[in-house]
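Biologist: Let us go through the labels one at a time. I will ask what each rests on.

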Amino acid sequence: QVQLAESGGGLVQAGDSLTLSCKFSGRSSSNMGWFRQAPGKERGFVARISWSSGWTSYADSVKGRFSISRDSAKSSMYLRMNNLSHEDTAVYYCAAEIRQTGTFEAAYWGQGTQVTVAS
């Protein structure tokens, strides 16, 4: 029902900034968010946003550096990443929650975009 596509990943140097985009189909009124999966690790939470209110939440590891935002007119969501470090290297996924729980235990997922930060 909801399809998502990430873009904007790439190779950057430590300290650089990068903005990821997530284009989705239709209108979203539930939670949306960004997750990432580093090599050899499980997929983990990065940030989420309430589509209707704009309320945001972040993982401790990215708080103060990353910023999630939305644009309903463009059916898009963004993740602005500042002061990137090697530990941020991962495949980044956008997600749209199906049930309003904030846990994304039931969600639609994009295919991911690779972010590589040189050390």
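Biologist: Arginine 65 and aspartate 88: buried or exposed?

Modeller: In this predicted model, arginine 65 is buried and so is aspartate 88. Buried means under 20% relative accessible area.

Biologist: What makes arginine 65 and aspartate 88 a salt bridge?

Modeller: The closest N and O atoms are 2.8 Å apart. The cut-off is 4 Å, so the pair counts as a salt bridge. The pair links distant parts of the chain, 23 residues apart: arginine 65 lies in the loop between β6 and β7, aspartate 88 in the loop between β8 and β9.

Biologist: Which residues do salt bridges with shared partners join into one network?

Modeller: Arg36, Arg65 and Asp88. The side chains of aspartate 88 and arginine 36 also meet in a salt bridge, at 2.9 Å from N to O. Arginine 36 is in strand β4, 52 residues from aspartate 88, and both are buried.

Biologist: Why is glutamate 105 called exposed, and why does arginine 99 count as partly exposed?

Modeller: Glutamate 105 has a relative accessible area of 58%, and exposed means over 50%, so the label holds. Arginine 99 stands at 41%, between the 20% and 50% limits, and therefore counts as partly exposed. The side chains of glutamate 105 and arginine 99 meet in a salt bridge at 2.1 Å, N to O.

Biologist: Which residues line the largest pocket?

Modeller: Among them are Arg36, Gln37, Phe45 and His86. β4 and β5 each give two or more residues to the lining. By class, the lining has four nonpolar, four polar and four charged residues.

Key: Residues numbered from 1 in each chain as written. Predicted model: local features only at pLDDT ≥ 70, side-chain atom pairs only at ≥ 80, totals over all residues. Heavy atoms only, no water. 1 Å grid on protein atoms, 1.4 Å probe; cavity = no way out; pocket = protein on both sides within 12 Å on 5 of 7 lines; lining within 4 Å. Helix = DSSP H or I, 4+ residues; strand = E, 2+ residues; numbered from the N terminus. Nonpolar A, V, L, I, M, F, W, Y, C, P; charged D, E, K, R; others polar. Buried < 20%, exposed > 50% of the residue type's maximum accessible area, 1.4 Å probe, protein only.
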